[in-house]
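Please look through the structure below with this briefing at hand. The notes that follow take up strand order and then the metal sites.

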Amino acid sequence: MNLMDLHIHSNASDGVYSPAEILKIALDKNLKGIALTDHDTVGGFLEAQTLRVPDHFHFLSGIEFSSEFEGEEVHILGYNFNAEDSSLEELLENIQKQREVRIFSMVEMLCDLKIPISVERVMGNESTDSIGRPHVARELVRLGVVKDTQEAFDRFLKKGKPAYVKRYKISIKEAVSVIKDLGGFAVMAHPGLSSKYALDYTLRQGIDGIEVYHPKHGLRTIKKLKNLATEKKWIITGGTDYHEPGNHHGEIEIGSVSVPYENIVDAL
Ligand code: AMP
Ligand code: ZN
Ligand code: FE
Ligand code: FE
């Protein structure tokens, strides 16, 4: 079957592989296509556009907007939109700037805890346009403060921990309309991880699809979401939410969660 992994993070946001490295893996795994869904940036997709890609392989434009409902994180995926639009560029630059400002606050809070971390070191080791907590977590690992990024989140970076700083987020409505105005389709990411309230709200914001297949969705969740998507005539998407080898959502490899290419083509 022709399969697509529609949820992958590159080093344009908080993944570790470059678009070229991800493309190579996807081709090795015989995938029919992928979407880079970086947090608040299309830099990875634009870079991928400059790569030599075999004719049979499909690169769908993608993004994952970090949004929220009453303080709870909600992520909106966008696909197949015009990624070169100048108003999109302006919006994303603004979000990325605010992400940078937030890193300064996080580093300051860590310094107050006598951790010898610096913004230069956090940023210097990364080629990202969309800096976030995983980059700080990786620096804490390099400094030997924690043994892995999970420990960095658990001790310092999660909500309620001493170096947590809120991030500016666009509203769910805005994320959905930005994607749709650019000709794309908007999808609620990993709905199985959301509360009933956030789910009910988000599903009423004009989305075109839901991410039914995700590493953190169990069989019952998948079944429920699939039935819902069928009833509402929503596009069914899925992917690995891949960031780096052997981390994050467990031992996941690119392509191990995917959807049939035909289903996506039908939706375009
Ligand atoms: P940020 O966008 O800077 O708030 O960072 C959010 C990203 O950090 C998510 O997209 C995940 O990649 C990662 N993340 C969030 N929570 C955790 C956690 N508890 N453990 C490990 N990684 C996490
Ligand atoms: Zn991430
Ligand atoms: Fe997400
Ligand atoms: Fe993601």
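Strand 2, helix 2 (residues 43–49) and strand 3 form a right-handed β-α-β unit in this predicted model, where a crossover is right-handed if, with the strands pointing away from the viewer, the path from the first strand over the helix to the second runs clockwise. Helices (H or I, at least four residues) and strands (E, at least two) are DSSP runs, numbered from the N terminus. The model is predicted, so local features need pLDDT of at least 70 and side-chain atom pairs count only at pLDDT 80 or more, while totals for chains, interfaces and linings use all residues. Residues are numbered from 1 along each chain as its sequence is written, ligands are numbered from 1 in the order in which they are written, and side-chain values use heavy atoms, with hydrogens and water left out.

**Strands around strand 2**

- Strand 2 runs parallel to strand 3 (residues 58–60), to which three bridges join it, and Ile34 stands opposite Phe59 of strand 3; two strands pair if DSSP finds at least two bridges between them.
- Three bridges also join strand 2 to strand 1 (residues 3–8), again in parallel, with Ile34 as the bridge partner of Asp5.
- Between strand 1 and strand 2 the chain passes through helix 1 (residues 19–28), and this β-α-β crossover is right-handed.
- Both faces of strand 2 (residues 33–36) are covered, since Gly33 and Ala35 on one side and Ile34 and Leu36 on the other are all buried, buried meaning under 20% relative accessible area (1.4 Å probe, protein chains only).

**Zinc site**

- The zinc ion (ligand 2) is coordinated by Asp14 through OD atoms and by His39 and His243 through NE2, at 2.1 to 2.8 Å; donors are N, O and S atoms within 2.8 Å of the metal (3.2 Å for Na, K and Ca), and sites may look incomplete because water is not among the atoms.
- In sequence, the donor residues of the zinc ion (ligand 2) follow the spacing D-x24-H-x203-H.
- Asp14 lies in the loop between strand 1 and helix 1 and His243 in the loop between strand 8 (235–238) and strand 9 (259–260), so the pair ties together parts 229 residues apart in sequence.
- Asp14 is buried at a relative accessible area of 7%, and His243 is buried at 4%.

**Iron site**

- Glu64 (OE), His75 (ND1) and His190 (NE2) coordinate the iron ion (ligand 3) at 2.1 to 2.2 Å.
- Glu64 bridges the iron ion (ligand 3) and the iron ion (ligand 4), which lie 3.4 Å apart.
- Both Glu64 and His190 are buried.

Technical notes: Buried means under 20% relative accessible area, exposed over 50%, partly exposed in between (1.4 Å probe, protein chains only).
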